[in-house]
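The following exercises are to be worked with the sequence and the 3D structure at hand.

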Amino acid sequence: MKPKKILFVCLGNICRSPAAEGVMRKKAAGLPIEIDSAGTAGYHIGELPDPRMRSHAAKRGYTLNHHARKFDPDSDFEKFDLILAMDDSNMDDLQRMDKKKSYTHKLKMMTDFCTAKKVSEVPDPYYDGPEGFEHVLDILEDASDGLLQTLNNKK
Ligand code: 4NP
C-alpha cells in the first residue's frame with residue numbers, strides 16, 4: 001500500500017472526527033497511513049474529545065486523545081491525500097475554503113466508504129443522548145472498514 005495521509009473533518013473536532021481518527025488509527029495499525037483530524041470551527045481548540053465520545057469509544061476499545069485543532073486551508077489541503085467530511089455542512093465549508101477548486105479530488109464524504117450502513121452523513125451527536133454517540137461509532141466503524149478495503153485495493 002502506498003503511504004497515505006488522511007484527515008477527518010467535522011465542525012468542532014471534539015466528537016466525530018477525533019472518533020474517526022481513533023477508529024481508523026486502531027484498524028490501520030501497522031499500515032503506512034498517517035491519520036489526523038480537524039474542525040472547521042475553532043470553538044474547542046486544544047480540548048480533548050467530548051467526555052461522552054471518549055467514553056463510548058473506550059467501550060469499543062478506542063482511545064481518543066487528540067487535541068482539537070482548526071482546519072488550516074493554507075497547509076492541510078496540500079499536506080493530506082484524502083480529506084473526509086463528516087456531514088454536508090463540513091463539505092460545504094471545505095469547498096468554500098478551497099477557493100481555486102484545486103483540491104476537489106481530495107475531498108470526499110466519510111460515508112462514501114460505508115458498505116453496510118445506508119447513510120449519507122455522520123450526524124452531529126453533540127445535542128443527542130447516548131444512542132447518538134453509538135450511532136456515530138457504528139457508522140465510523142463501517143466507513144473505516146470500507147476505507148481500508150479501498151486503500152488495500154489501490155495498493
Ligand atoms: P463535532 O461535534 O463537530 O462532531 O465535534 C460538535 C462539537 C461541538 C459543537 C458542535 C458540534 N459546538 O457547537 O460546540
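**Exercise 1. What polar contact joins the side chains of S37 and N13?**

The model is a predicted one, in which local features need pLDDT of at least 70 and side-chain atom pairs count only at pLDDT 80 or more, while totals for chains, interfaces and linings use all residues. Residues are numbered from 1 along each chain as its sequence is written, and side-chain values use heavy atoms, with hydrogens and water left out.

Step 1. The side chains of S37 and N13 are joined by a polar contact of 3.0 Å. A polar contact is a pair of N or O atoms within 3.5 Å; within protein, one must be able to donate a hydrogen and the other to accept it, and residues adjacent in sequence count only if both atoms are side-chain atoms.

Step 2. S37 also has a polar contact of 2.7 Å with the side chain of E21.

Step 3. S37 belongs to strand β2. Helices (H or I, at least four residues) and strands (E, at least two) are DSSP runs, numbered from the N terminus.

Step 4. S37 has a relative accessible area of 0% and is therefore buried. Buried means under 20% relative accessible area, exposed over 50% and partly exposed in between (1.4 Å probe, protein chains only).

Step 5. Not counting residues up to four places away in sequence, S37 touches L7, F8, N13, S17, P18, E21, H66 and R69. Contact here means heavy atoms within 4.5 Å.

**Exercise 2. Why does the span of helix α1 agree with its number of residues?**

Step 1. The expected span of a helix is 1.5 Å times one less than its number of residues. For the twelve residues of α1 (residues 16-27) this should give 16 Å, and the end C-alpha atoms are 16 Å apart, which agrees.

Step 2. Nine of the twelve residues of α1 are buried, so the helix is mostly covered. The buried residues are R16, S17, P18, A19, A20, E21, G22, V23 and M24.

Step 3. These buried residues pack against β1 (4-10), β2 (33-39), α2 (51-59), α4 (88-97) and α5 (130-154).

Step 4. V23, in helix α1, counts as buried because its relative accessibility is 1%. Leaving aside neighbours within four places in sequence, V23 is in contact with Y62, L137, L140, E141 and S144.

**Exercise 3. In what order do the four strands form the open sheet?**

Step 1. The order is β2-β1-β3-β4, and the pairing is parallel. Two strands pair if DSSP finds at least two bridges between them.

Step 2. β2 and β4 (107-109) are the edge strands, each pairing on one side only. On average, neighbouring strands of this sheet are turned by 25° against each other, direction ignored.

Step 3. β1 and β3 pair over four bridges in the parallel sense, and F8 has L84 in β3 as its bridge partner.

Step 4. β3 (residues 82-85) and β4 pair over three bridges, again in the parallel sense. Opposite K108 in β4 stands L84, and opposite M109 in β4 stands A85.

Step 5. In a regular strand the side chains alternate between the two faces of the sheet. From β3, L82 and L84 point one way and I83 and A85 the other way, and all are buried.

Note on methods:
Axes fitted to C-alpha atoms, helices over the stretch in contact; angles between N-to-C directions.
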